[in-house]
Amino acid sequence: MSSPLTLSLKLPGRNHEYEILIGSGLLQELFIRTQFLEPSSVLFISDSNVAPIYLDDLLSQPWKVECSSLVLPAGEHSKSWSNLQLILDQLLEMKMDRRGLVIGLGGGVIGDIAALGASIYLRGIPVVHAPTTLLAQVDSAIGGKTAINHPLGKNLIGTFHQPSLVLSDTNALRTLPPRQLAAGMAELLKAALIADADLTASLEQCLGDCLVGDCELAPLIAKACEIKAKIVREDEHESGVRKFLNFGHTLAHALEASTPTGKLLHGEAVIHGMRGATVLSHRIGLLDLSVRNRILCLLDAFPSQSVSQWVHEERFWNAIHRDKKFAHGYLDLVLLRAIGSPVIEKISHPRQWITIPD
Ligand SMILES: NC(=O)c1ccc[n+]([C@@H]2O[C@H](COP(=O)([O-])OP(=O)(O)OC[C@H]3O[C@@H](n4cnc5c(N)ncnc54)[C@H](O)[C@@H]3O)[C@@H](O)[C@H]2O)c1
């Protein structure tokens, strides 16, 4: 086992700093690596796909304190009030005190709800993320956003609660279905496009290999984490630069809201969203044609998924108009002036400018 790549995230003005570790075999070291927290008890939260593969080994590490687990059904619908209640019930049954530790073992769904449970139990106990999807390793495990969904919309109930450690074991990605891997690569590419021309150039060399699992991902994950950590350090609560992380996401959310549930993974919708935002960036004169074409070429490397037969047009436009970034007739959209140079543009009459992805 080689030493992990290590980043540190310290939030300015706050007495909280945490490490993000990326490497192969890190789950085997979870017990050792969390001992600095001196937990008085531990609750693992995982899902029904991940737990059967990884949980037993983790529970059998030499914990000297009470160590339990809660396994939620896999899937986005698990980010619910009822599952949040289950987490709180179990923490109470364990009589976990404020030195107790919640460990989220899974993708972004588990990370979001586990961290929300930890953030409100006894007004906040530590959470460690052990992300097992690429999306969670490059994005959702970092930055402290927690959430469950509400029938009226995604991620509407949540808090900011920074983890105490993020431990990303790249071996876990070997069991990830290829579609999920591609969805995570989409978020990695997004990070590159908004912040790092060199990472974008590296992806031009290796994206195809990464998508078939034939590439060393740890350095790329570390780069994406560095980008996210830098943004979170500057703007923890998304009042400024953190909004750039939404590149491609406004159109992606509208697409997700207007296609039947389960047809598109979030990352797949983001690929369509980044394509639309790139084309628009060029159309309104921000982005050179050659750069537009380079970005579209990268996006074309992803397995193609036509959505035209599923999109409900009226729902798409309703979602755009309900978006929290739409106000007074203008939509605030993250666009690009160049690779690594995002900007928020006010788009009036979105229907004139935005084409529904096909
Ligand atoms: N908090 C944030 O800042 C933030 C950022 C981006 C996304 N998110 C949230 O993240 C969620 C999406 O995360 P996701 O894409 O990881 O989805 P997910 O957690 O649903 O995981 C995707 C699927 O992969 C399975 N899986 C996970 N790890 C596996 C492994 N190693 N082997 C086999 N199967 C595995 C899961 O069971 C699930 O079926 C959304 O709810 C989104 O809102 C949060």
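**Close-up views of a predicted model**

View 1. Helices (H or I, at least four residues) and strands (E, at least two) are DSSP runs, numbered from the N terminus. The model is predicted: local features need pLDDT of at least 70, side-chain atom pairs count only at pLDDT 80 or more, and totals for chains, interfaces and linings use all residues. Residue numbers start from 1 along each chain as its sequence is written.

**View 2. Helix α4 (residues 108-120).** Eleven of the 13 residues of α4 are buried, so the helix is largely enclosed by the rest of the structure. A residue is buried if 20 or more other C-beta atoms, placed from the backbone, lie within 10 Å of its own. Among the buried residues are G108, D112 and L116.

**View 3. The shell around the ligand.** N49, G107, G108, T133 and S140 come nearest of the 28 residues around the ligand; a residue is near if its C-beta atom, placed from the backbone, lies within 6 Å. At least two shell residues come from each of α4, α5 (134-140) and α6 (178-195).

**View 4. Where domain 1 meets domain 2.** The domain assignment, automatic or from a database, gives domain 1 (5-176) and domain 2 (182-353). In domain 1, 21 residues are in contact with 21 residues of domain 2, contact being C-beta atoms, placed from the backbone, within 7 Å. On the side of domain 1 that touches domain 2, β1 (5-10), β2 (17-23) and α5 give two or more residues each. α5 gives the most, with five residues.

Terms used
Expected span 1.5 Å × (residues − 1). Buried ≥ 20, exposed ≤ 12 C-beta atoms within 10 Å, placed from the backbone. Contact = placed C-beta atoms within 7 Å.
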